[in-house]
Amino acid sequence: MKPFTYLSPKTVEEAIAFHGQHSETAKYIGGGTDVIVKVKEGWMEPDFLISLKKIKEMSELHKNEATGELSIGAMVTHATLEKSLMIQNEYPIVYDAVSNIGSLQVRNVGTIGGNLINAVPSADGAIPLIALDGVAQLHGADGERSSDVKDLFLAPYKTILKPGEILKKITIPPQAPRTGSAYTKFGRRAAMELPLIGIGVLLTVDEDLETCTRARIVLGVAAPTPMRAVDAEKYLIGKKINENVLIEAGKIAADESKVRDSVRGKAWHRKEMIRVHVKRMGLNCLKKIQKIN
Ligand SMILES: Cc1cc2nc3c(=O)[nH]c(=O)nc-3n(C[C@H](O)[C@H](O)[C@H](O)COP(=O)(O)OP(=O)(O)OC[C@H]3O[C@@H](n4cnc5c(N)ncnc54)[C@H](O)[C@@H]3O)c2cc1C
């Protein structure tokens, strides 16, 4: 392994300045579960690793009770999200996704920001944040900007971030009443497995607790980047949610996915899993809504 210098800035501005000084040879590091593997294997040879760990505001998880907005610092670990009662109760789709990432050791250090910026098609953390209409707050030498999480990804391992830009936090707008959400991933093993396919569903229903007013169906490993199945979402709006309607939505979602054959799984199998799990996650959402209301 090539030796490197480890820098620990205490503010976002300091981190950006360090990056500016060493831009060609510097790499940000969150929990390091991806970066360190690549450095050890020699796939990446930075002279400087700029750790974001000591930037306190980036590790904050906070819900503004007055506005209902949730703010998740990019350095918040999967384990912190998993253990949060607020996340478990109010954002079950986030809990479902992060509580099955890797192992306890990976979840203890791996961050939600690193999961997004690594930009693999199988990133479990991306699906719930897209379903919840999350917004990424980016900071760079040119100032601040924001992007919907769904628009962060350009291709596998490629995001819209400019060199030296930092993902500071993700904000989630207030959720409407009578909203339910759920995520599942399907892999060949039960643990320590990147998904063959990941399926997140979020439904909001009317006061009758049946008629769909908002739908999000978000798929991982179904395209080069995480994708929303917008045709299936549109199909659900205005319909009374039941098993048959969700079966049809699953078919539409499978058809609009861009799944392909890979060494890890066949396209036809991935489509079948989308079909089956859109229905299951949809019924799961409905159950959660009806239990609370
Ligand atoms: C054994 C194992 C199992 C795994 N299982 C899963 C799994 O089941 N599901 C899954 O989705 N992932 C899995 N992963 C992948 C990985 O653990 C996660 O993607 C993790 O969330 C990455 O976060 P990190 O903080 O460790 O990222 P790092 O390794 O620190 O960084 C990843 C990338 O993001 C950049 N980066 C990090 N933070 C920021 C920021 N705030 N702003 C700008 N750039 C930033 C880094 O420069 C780097 O390019 C697994 C990894 C391992 C080793």
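Reader: Which residues come nearest to the ligand?
Author: Of the 30 residues around the ligand, the nearest are Gly30, Gly31, Gly102, Gly114 and Asn115. A residue counts as near a molecule if its C-beta atom, placed from the backbone, lies within 6 Å of it. Keep in mind that this is a predicted model, where local features need pLDDT of at least 70, side-chain atom pairs count only at pLDDT 80 or more, and totals for chains, interfaces and linings use all residues. Numbering starts from 1 along each chain as its sequence is written.

Reader: Thanks! Which elements give two or more residues to that shell?
Author: Those are strand 2 (26-29), helix 2 (35-41), helix 7 (112-118) and strand 10 (166-172). Helix 7 gives the largest share, five residues. Helices (H or I, at least four residues) and strands (E, at least two) are DSSP runs, numbered from the N terminus.

Reader: And how many residues of the shell are nonpolar, polar or charged?
Author: The shell has 14 nonpolar, 13 polar and three charged residues. Here Ala, Val, Leu, Ile, Met, Phe, Trp, Tyr, Cys and Pro are nonpolar, Asp, Glu, Lys and Arg are charged, and the others, Gly among them, are polar.

Reader: Switching topic: what domains is the protein divided into?
Author: There are domain 1 (5-51), domain 2 (56-172) and domain 3 (179-292), with bounds from an automatic or database domain assignment. The ligand shell draws at least three residues from each of domain 1 and domain 2.

Reader: How many residues of domain 1 are in contact with domain 2?
Author: In domain 1, 12 residues are in contact with 16 residues of domain 2; contact means C-beta atoms, placed from the backbone, within 7 Å. On the domain 1 side, helix 1 (residues 12-21) brings the largest share, five residues. That side divides into four nonpolar, seven polar and one charged.

Reader: Which residue in strand 14 stands opposite valine 218?
Author: Arginine 228 does.

Note on methods: Two residues are in contact if their C-beta atoms, placed from the backbone, lie within 7 Å. Two strands pair if DSSP finds at least two bridges between them.
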